[in-house]
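User: I have a structure to go through and some questions about how its parts are arranged. Please work through them with me.

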Amino acid sequence: MSQAKVPVWVNVGLIPLINILLAFVVSALVILAIGENPIEAAGYLVYGAFGYDEGIGYTLYYATNLIFTGLAVSVAFKAGLFNIGGEGQAYIGGLGVGLLCLWLDASMPFWVIAPLAILGAFIFGAAWAYIPAYLQAKRGSHIVITTIMFNFIASSLMVYLMVNWLKEEGRMSPASRIFEENAWMPYLYELFEPFGIDIGDSPLNLTFLLALVCCVLVWGLIWHTRWGYQLRTVGTNATAAEYAGIDNSKVTIWVMLISGGLAGFVGVNEIMGVNHHLLLNFTAGYGFAGIAVALMGRNHPIGIVLAAILFGALYQGGAELAFEMPSITPEIVVVIQGLVILFSGALENMLKGKIEALFTRPVTA
Amino acid sequence: MSDEHMSNDTHAYAIELKGISKRFGSVQANKDINLQVPAGTVHGIIGENGAGKSTLMSIIYGFYEADTGSIEVDGQSLTIRNSQDAIRAGIGMVHQHFMLVDTFTVLENIILGAEGGALLKDGVAGARKELKRLEQEFNLEVDVDAVVGDLPVGLQQRVEILKALYRGARILILDEPTGVLTPQEADHLFRILHALKEQGVTVMLITHKLREILASTDNVSVMRQGQMVAHRVTKETSKEELAELMVGKKVRLKVDKDVPKIGETVLKASDLTFVDGQGVERLKRVSLELRAGEIVGIAGVSGNGQSELLNVLSGITPMSAGEIQFAGRTITASAPCNAAQMRELKMAHVPEDRHKMGLVTGFEAYEAAILGYHDRPDYNGSILMNRKAMLAECEERMAAWDVRPPNPHLKTANFSGGNQQKIVIAREVEQNPDVLLIGQPTRGVDIGAIENIHEQIVKLRDAGKAILLVSVELDEIMALSDRIMVMFDGAVVGEVSGAEANEQTLGLMMANAWNEEGAAV
């Protein structure tokens, strides 16, 4: 009852903001302890992320991956499932993209390859999520455990494939040949160039638009279709779902397929958009960061976009910071990111009660 | 309140409760409870499920703190904040569901939390000696080195009792101790209780079974709807009196209804059996017929198979054996029909627990109003749901059923109980079903809404629907039903016509004391 009286903006705006500020205060203490000026450091970080065109491009490029993985986590979460396997699903999604590009890049034009690659990313990512989903739905294995395990299996599988099958002959590192240019996702700066607009060279590519489209689709799916209705029913009240005749295990399976497919789109951004060849470890922890993004974005597409941009800014600004202030190593930047995750994710409820009480008391009194 | 049992009493009270009240949200679980338990007696607390017995015991044992009132143990006023306080005061509790570690031995379970020292060795040796003494004193033989998970429930319960005694309990609370026992095990338990009493232990026995009270207690207190309604000396009371006190002579509900115009059999269930995951038979060969234009009431103390009956009939849980004939189909364990398919066959179901099952409390009213019918074309376009149609229909129903506030966007959780129930009933009834299963239609619903809901149920009957009504409120069953079946321990133990039913007969049937009445009491 008391929850109803808390204004919405407190829950979705004020509390996350205070949590982030707290994280920055603690980060400032860390930077002070190293002997650097935290205000100066914050300046570099903000400038690096938003201060110039290339910086913004990089921030959004990182955000693209985080939107995909954040959406993946939140779709599953809405159905009461905790998909920790975004990392592996993204990895295998990338494999799907890579195989398609290697197969078709010599014979097909971009407009054929692009939709097929996007579909491939989805199918491969979904397939990787299917096995844990099936095990949870039909065999009762806990999805948290199985998806974590599948991250390791994906990683080992990729090493095996890259080393034994996909490595370009004569190469020292386990990576495939570079795709022909018609299998490259166009960079946004290339697209803006003909109009005389210079947005600075950055890896930001068309996949960013795909991410935004996915946000709209996920929003529509969850709140405006009967599948979303079933998914939310299962996620909030499994007994009521059973009562309503909703097949819990069926929902589990298709929700995980969508979740895995969304994570797989990271492969489009990384393989087709930036690296232009298959390689190892291109997922770089985006799958895990997606959990924090979803948590912070309150499992809502708009929140996820904002949270993804914040994390993207931390990645990009953090890199800039490490460059400008050599005593702040990349590891310290990771500490700052970790603090943001800690305060906005794990400690989310630390202040919630108190802040809510602050806003409910005047109403009840 | 009668206090005759204390007139010639020389004992001090082991426990005395004065004015205990406890409220959970809008539910008054205990209201101004006074209770005196003389030391060295077995004292029964009896009442229907939900009468507030367990809450009261939890207050004594420190799980909850009372809002008001005081507790005296052996004449000393005490504040019991947690179970440690209770144990220190010499109170022990044996819960309905045992609190034992299955993979530990009896000995390990008993010393758990009272290991005595950093090394197990010292504590174990001391415990062994103490246990030997306790076993001899109270006749509680148990193999202390057996693994608890391997023991039958009767012995596990003995371990629980030993555990309490080992911690120095002089007052022992047993919560529904025979719920899991076979009759033989139960008899053995009563002998143990007797031995405990001989040794000066005070026992409080919580139960809803009349037979146990009469078989094993010295005094009995009756609870109803959160209040202590009577105290009796067991020898001076009878099954009939206790049954009446338990059920209570409530204000007679008035429902205007004509003679039913009974039509054809719509649903026929034969020998329905349901065995749960633990292998316990929850439904035992239940057979019933529902006819058009008739309300069949299922009476019974809750937990005697009514919920399982509703779930099996509505297709939520598959039956283990038996068959249902409905809408031209024969449904069996090998040819099941799930909840969605049953809805298609025009069976509607208002579940007993609207929070757990009937609603998704996080949903807005218009979303909750289509639960179970969300796949119907009326609510769907080709891909997107037709929100406009959903909202329009919800508003229409809210007006027709007088749901307040009539706001389809309000979260379901924020409606009052009565209005939530109206949303559920409207949803099920407006689909024009042939059979309506309806569980606890007025639980947690205010008086005004109760009348309204009852009228609607009768109106449906008059419209030729077959209605199965499950309720723990005897008044409700009697006011509405044309035919009443009584369930006990998963089986139907009696059937009477609505016109002939009276509280006493039903009360005895509910306690399964009807058949033995002539001989035993």
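This is a predicted model: local features need pLDDT of at least 70, side-chain atom pairs count only at pLDDT 80 or more; totals for chains, interfaces and linings use all residues.

User: What distance does α15 of chain A reach from its first C-alpha to its last?

Analyst: At 1.5 Å a residue, 34 Å is expected for this helix. The reach in the model is close to that value: 34 Å.

User: Which elements of chain B give two or more residues to the side that touches chain A?

Analyst: The contact involves 22 residues of chain B and 15 residues of chain A. By class, the chain B side has 11 nonpolar, seven polar and four charged residues. The elements that give two or more residues to this side are α10 (339–344) and α11 (354–358) of chain B.

User: Which helix supplies the largest share of the side of domain 1 of chain B that touches domain 2 of chain B?

Analyst: Chain B is divided into domain 1 (4–247) and domain 2 (265–358 + 433–520). Each of these domains gives 11 residues to the contact. On the domain 1 side, α7 (210–216) and α8 (239–247) of chain B each supply at least two residues. The largest share, five residues, comes from α8(B).

Technical notes: Residues are numbered from 1 along each chain as its sequence is written. Chains are lettered from A and ligands numbered from 1 in the order in which they are written. Two residues are in contact if their C-beta atoms, placed from the backbone, lie within 7 Å. Helices (H or I, at least four residues) and strands (E, at least two) are DSSP runs, numbered from the N terminus. Ala, Val, Leu, Ile, Met, Phe, Trp, Tyr, Cys and Pro count as nonpolar, Asp, Glu, Lys and Arg as charged, and the others, Gly among them, as polar. The expected span of a helix is 1.5 Å times one less than its number of residues. Domain bounds come from an automatic or database domain assignment.
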